[in-house]
Amino acid sequence: MAVKAPPLDLRAFLLRGHSIRLFRAALRSARRAPPHSRGDLEQTIRSEMERNRYEKNQQTIRFLISDGLQRLKQLNVMLGIQGYEEA
């Protein structure tokens, strides 16, 4: 029988939602990258999320989300400059 995890409090639940939205947005942006670098970019995004998957400190999680949003913004700017605009 599997051990059931305790329910999340409201703040943890909201942070989880923010991190999932960030992950999905990053993968969507990676699909706009040139085909020769798309796989590496997607793998980097997945490994970053997996590396921090079990973080429990909410302050650290908020920092990671903020940092991820900044990095995603930079990625989108870079892709835009290179001519890989959003569809």
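How far apart do the end C-alpha atoms of residues 20–73 lie, and how much of the span is helix or strand? In this predicted model, those atoms lie 16 Å apart, and the span is 81% helix and 0% strand, with helices (H or I, at least four residues) and strands (E, at least two) taken as DSSP runs numbered from the N terminus. UniProt, in an unreviewed entry, places the feature "domain: Complex 1 LYR protein" at residues 20–73; such annotations may be inferred rather than shown by experiment.

Residues are numbered from 1 along each chain as its sequence is written. Local features need pLDDT of at least 70, side-chain atom pairs count only at pLDDT 80 or more, totals for chains, interfaces and linings use all residues, and side-chain values use heavy atoms, leaving out hydrogens and water.

Helix α1 takes in residues 10–30. Its buried residues (under 20% relative accessible area, 1.4 Å probe, protein chains only) are A12, L15, S19, L22, A26, L27, S29 and A30. They share one side of α1 because they cover an arc of only 160° around the axis, judged by directions from the helix axis to the C-beta atoms. Exposed residues (over 50%) L10, R21 and R24 sit on the face turned away from that buried side. The cover over the buried residues includes α2 (35–51) and α3 (58–81).

The lining of the largest pocket comprises 32 residues, with S19, I20, M49, N52 and R53 nearest its centre. Elements giving two or more residues to this lining are α1, α2 and α3; α3 gives the most, with 9 residues.

How values were computed
The expected span of a helix is 1.5 Å times one less than its number of residues. Contact means heavy atoms within 4.5 Å. On a 1 Å grid over the protein atoms alone, a cavity is a set of points where a 1.4 Å probe fits but cannot get out, and a pocket is an open set with protein on both sides within 12 Å along at least five of seven lines; lining residues have an atom within 4 Å of a point.
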